[in-house]
Amino acid sequence: MNDINNNTSGVMSPRIEVNRLPLSKQVPLDTPFSVTLVPSTYCNFACSFCPVKEISDKPSLMSIETAKNIIDNANFPQQVKVLHLYNVGEPLINKDFIKIIKYARQTNFAHRISTVTNASLLTKNLSEELIASGVDRIIISLYGLNDDDYLKTTKKKIKFETIYENIKYLNSIKGDCEIFVKVIDRVTPTEQTRQEFINKFKEISTFYSIETILPIWPNFRPEKDDPSQREDFQRGLYEGVPAIDRVACHYPFYSMVVNPKGIVNPCLADWDGLLKLGDTNNSSLNEIWNAKEYQDFRYEQLSGQRKEHPLCRTCGTLKAATAPDDDMDEDRLYLLDKLFGDRIKQSA
């Protein structure tokens with residue numbers, strides 16, 4: 001963890017890491033770099049651009065028992081680099097959330113632990129518990145710079161000043177934890193509002209950024225008539241990370257996502273759990289990582305079938321939010337032969 005002075009001003013930075021060893025030079029991985037446990041598919045907001053209210057299954061919370069089973073039986077040969085605890089729901093709704101972080105830290109499951117919250121449910125006591133739990137990064141999603149913004153965006157009566165004070169206190173006790181504050185671009189449309197965000201949050205965060213709302217969720221286009229939500233968008237989700245059409249998705253080569261019930265999905269973009277790659281109630285994460293279902297999905301990516309897949313064909317995440325070091329297209333055919341050469345020969 002970084003040694004961060006609580007009085008140091010934050011730095012504007014994209015939320016994803018850049019300038020890493022290219023992923024294509026490291027696969028196949030015997031242990032995924034990233035595992036996501038989804039604490040909650042409930043949310044106390046109702047943002048129009050988020051699919052959480054459209055999830056087919058009943059909203060659910062991951063229990064500490066489910067999390068312990070996943071972690072205890074992971075059976076990976078190496079430590080996971082990052083454990084993410086979030087997806088489309090609000091993690092702080094889950095009463096077992098702090099327990100899950102503590103258990104993951106206690107068992108040394110991952111080198112770093114990261115979560116995302118809208119900060120509306122933070123209290124001083126909960127903030128203190130969260131910092132004491134051992135979490136390394138807390139990403140805070142802002143949906144406005146005033147009460148009217150929040151009502152328009154989240155459809156809820158939220159006091160912006162309460163959100164601000166929650167973040168301010170959390171940052172004051174953060175210790176080594178990184179506090180990353182991000183705001184959606186539609187509430188900072190002018191240079192004046194952009195500067196307002198920076199002035200308010202650069203002193204109470206480690207990092208901060210402005211992120212673009214884009215039509216990236218598969219099979220979910222609620223704002224299709226909005227000109228800014230065209231599928232031929234030209235800018236990326238993160239500042240400094242360009243939008244580029246790609247053939248192969250990198251997610252199944254380095255990450256796993258486990259929903260609150262223990263079902264494994266390939267990525268955070270699979271918000272409705274369309275593609276089930278395994279069940280941690282019956283198999284270890286390591287078994288699922290190396291199973292035929294995962295291998296078949298990776299083969300589809302490298303063989304150019306992504307845009308034919310019912311999940312991937314309408315997904316904009318790959319185009320909008322891929323760091324250059326994760327782009328696999330240049331080495332795609334080499335990796336296809338390296339990883340699946342025998343399969344190709346047998347099917348010839």
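Residues are numbered from 1 along each chain as its sequence is written, and side-chain values use heavy atoms, with hydrogens and water left out. Because the model is predicted, local features need pLDDT of at least 70 and side-chain atom pairs count only at pLDDT 80 or more, while totals for chains, interfaces and linings use all residues.

Helices (H or I, at least four residues) and strands (E, at least two) are DSSP runs, numbered from the N terminus. Two packed helices are described by the angle between their axes and the distance between the axes. Axes are lines fitted to C-alpha atoms, for helices over the stretch in contact, and angles run from 0 to 180 degrees between N-to-C directions. Helix α2 (residues 97-106) packs against helix α3 (residues 124-132) at about 15 degrees, and their axes are 9 Å apart.

Contact means heavy atoms within 4.5 Å.

Buried means under 20% relative accessible area, exposed over 50%, and partly exposed in between (1.4 Å probe, protein chains only). In α2 the buried residues are F97, I98, I100, I101, Y103 and A104. Their cover includes α1 (64-72), β3, β4 (110-117) and α3. After α2 comes N108, with a positive phi near 60 degrees.

**L92**

L92 lies in the loop between β3 (80-85) and α2. Leaving aside residues up to four places away in sequence, L92 touches F97, T117, L121, L122 and L126.

**Cysteines**

A disulfide is a pair of cysteine sulfur atoms within 2.5 Å, and the count is 0. C47 is in no disulfide, and its nearest cysteine sulfur, that of C50, is 6.4 Å away. The sulfur of C50 is 6.3 Å from the closest cysteine sulfur, in C43, so the two are too far apart for a bond.

| Residue | Relative accessible area |
|---|---|
| C47 | 10%, buried |
| C50 | 17%, buried |
| L92 | 9%, buried |
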